[in-house]
Amino acid sequence: MDNHLQFNSDSKVLVRLPNWLGDVLIASGFCLALLESLQKCKGQLDLLTIPALQSIPLAHNGKTLLFDKTKTSPYNFGKTLRDQGYTHFFILPPSFSSALMAYSSKIPYRIGYANDGRSFLLNPACKYQNKQKIPAYIEHLHLIGKDKEHEQYQPNIRLTTEEIDRVLPQRWQEEYANAIFIAPFTAYGRAKEWFPHRFIALAKKLTQQGEKVVFVGMRNDTLSLPSKVYNLCGETNIIQLIALFQRGKLAITNDSGAMHVASALGIPQIAIYGSTSRTWTPPLNKQATIIQQPISCSPCFQRTCPLGHYHCLTQISVDEVFTSAMQILNQKNML
């Protein structure tokens with residue numbers, strides 16, 4: 001076993017989590033696998049995240065540290081870690097700045113992938129096995145030698161009944177139970193977003209079938225929704241979104257943080273892909289239906305379409321998504 005993976009009772013490990021909701025959920029299995037290894041030798045696992053994502057329930061047995069880039073730089077924050085007794089620092093974001101933070105901390109083992117010119121900041125700097133050709137969560141597990149056991153550590157989260165009661169108003173629990181949730185936005189860019197007017201047309205067709213449909217998302221965009229469709233866009237925080245999805249019957253999303261929430265919860269879902277890859281960041285959920293058109297220029301991983309036509313999204317029709325939704329709902333009703 002590599003030296004950086006030899007844990008003992010003195011091991012105090014810090015994991016720098018990614019900055020995006022979906023990427024943090026992808027890392028949930030990594031945190032669980034690492035915690036299990038540390039618990040065998042009575043080591044400690046702490047997490048480092050940004051304030052907006054601190055409510056996500058991830059496996060650890062220590063504390064959660066918060067990094068706010070509006071208050072300090074990555075380098076200066078790293079200096080505050082020097083006297084904390086950490087032996088290992090796992091850096092999951094691929095950015096140079098996250099590796100610089102680790103380097104500044106002077107933690108002996110600073111483990112992450114070699115890219116973005118940051119190899120000299122890491123110890124060790126690991127090589128990607130096959131970047132963007134295998135799911136990202138397996139790349140994380142490779143850092144701790146658990147990639148061959150990846151089926152045990154797929155992204156997974158679950159809230160207890162008490163946690164749901166604590167975060168959701170009773171009115172929401174009653175009004176939105178067993179609903180279909182539609183998350184029409186992404187934080188990444190337009191090339192990942194199926195068109196809002198098509199989501200709205202889809203919602204209308206679903207309500208005509210007697211379904212309760214709720215729009216959700218962090219953005220508070222003005223949407224002209226049909227009268228029978230509920231709008232919670234901009235009204236929920238992350239933990240409330242998780243709780244709502246857990247009580248829902250179906251989630252329909254882009255390749256977004258909301259997609260990974262549904263995937264980690266294991267609920268029925270439809271994931272609409274545009275410019276990104278269903279191989280690298282798929283919904284790892286047996287109840288997931290992925291809709292993506294085989295366009296020659298996709299995946300391009302761009303925020304906006306470099307060719308200007310958005311064919312990867314325009315060629316996905318409302319009827320195609322509606323048909324998939326009804327197949328899922330009919331199967332669910334037969335159980």
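Q: Is Phe199 buried or exposed?
A: This is a predicted model: local features need pLDDT of at least 70, side-chain atom pairs count only at pLDDT 80 or more, and totals for chains, interfaces and linings use all residues. Residues are numbered from 1 along each chain as its sequence is written, and side-chain values use heavy atoms, leaving out hydrogens and water. Buried means under 20% relative accessible area, exposed over 50%, and partly exposed in between (1.4 Å probe, protein chains only). Phe199 has a relative accessibility of 0%, and therefore counts as buried.

Q: Which kind of aromatic pair do Trp194 and Phe199 form?
A: Rings of Phe, Tyr and Trp (its six-membered ring) pair if their centres lie within 6.5 Å; planes under 30 degrees apart are stacked, over 60 edge-to-face, and the rest tilted. The whole structure holds nine aromatic pairs. In the pair of Trp194 and Phe199, the centres are 4.9 Å apart and the planes make an angle of 85°. Since planes over 60 degrees apart fall in that class, this pair is edge-to-face.

Q: What is the relative accessible area of Trp194?
A: Trp194 pairs with Phe199. Trp194 is buried. Its relative accessible area is 0%.

Q: What is the strand order of the open sheet of six strands?
A: Strands (E, at least two residues) and helices (H or I, at least four) are DSSP runs numbered from the N terminus. Two strands pair if DSSP finds at least two bridges between them. The edge positions are held by β3 (64-66) and β6 (125-126). Pairing in the sheet is parallel, and the order is β3-β2-β1-β4-β5-β6.

Q: How many residues of β5 are buried?
A: β5 spans residues 109-113 and has five residues. It runs parallel to β4, joined by three bridges, and pairs with β6 over two. β5 is mostly covered, and its buried residues number four.

Q: Which residue in β6 is the bridge partner of Tyr113?
A: β5 and β6 pair in the parallel sense. Gly112 has Ala125 as its partner in β6. For Tyr113, the partner is Cys126.

Q: Which strand does β7 join over four bridges?
A: β7 (residues 180-183) points Ile180 and Ile182 one way and Phe181 and Ala183 the other, and all are buried. Ile180 stands opposite Val213 in β8, the strand that pairs with β7 over three parallel bridges. Ile182 stands opposite Ile252. Four bridges, also parallel, join β7 to β10.

Q: Which helix makes a right-handed β-α-β unit with β7 and β8?
A: A crossover is right-handed if, with the strands pointing away from the viewer, the path from the first strand over the helix to the second runs clockwise. β4, α4 (residues 96-105) and β5 make one such unit. Between β7 and β8, the helix is α8.

Q: Which helix gives the most to the lining of the largest pocket?
A: A pocket, on a 1 Å grid over the protein atoms alone, is an open set of points where a 1.4 Å probe fits, with protein on both sides within 12 Å along at least five of seven lines; lining residues have an atom within 4 Å of a point. The largest pocket has 44 lining residues, and Trp20, Gly22, Asp23, Tyr188 and Lys192 lie nearest its centre. Helices supplying at least two residues each include α5, α9 and α10. The biggest share, four residues, comes from α1.

Q: What is the relative accessible area of Phe301?
A: Phe301 lies in the loop between β12 and α11. Its phi is positive, near 65°, though it is not a glycine. Phe301 is partly exposed, at 22%.
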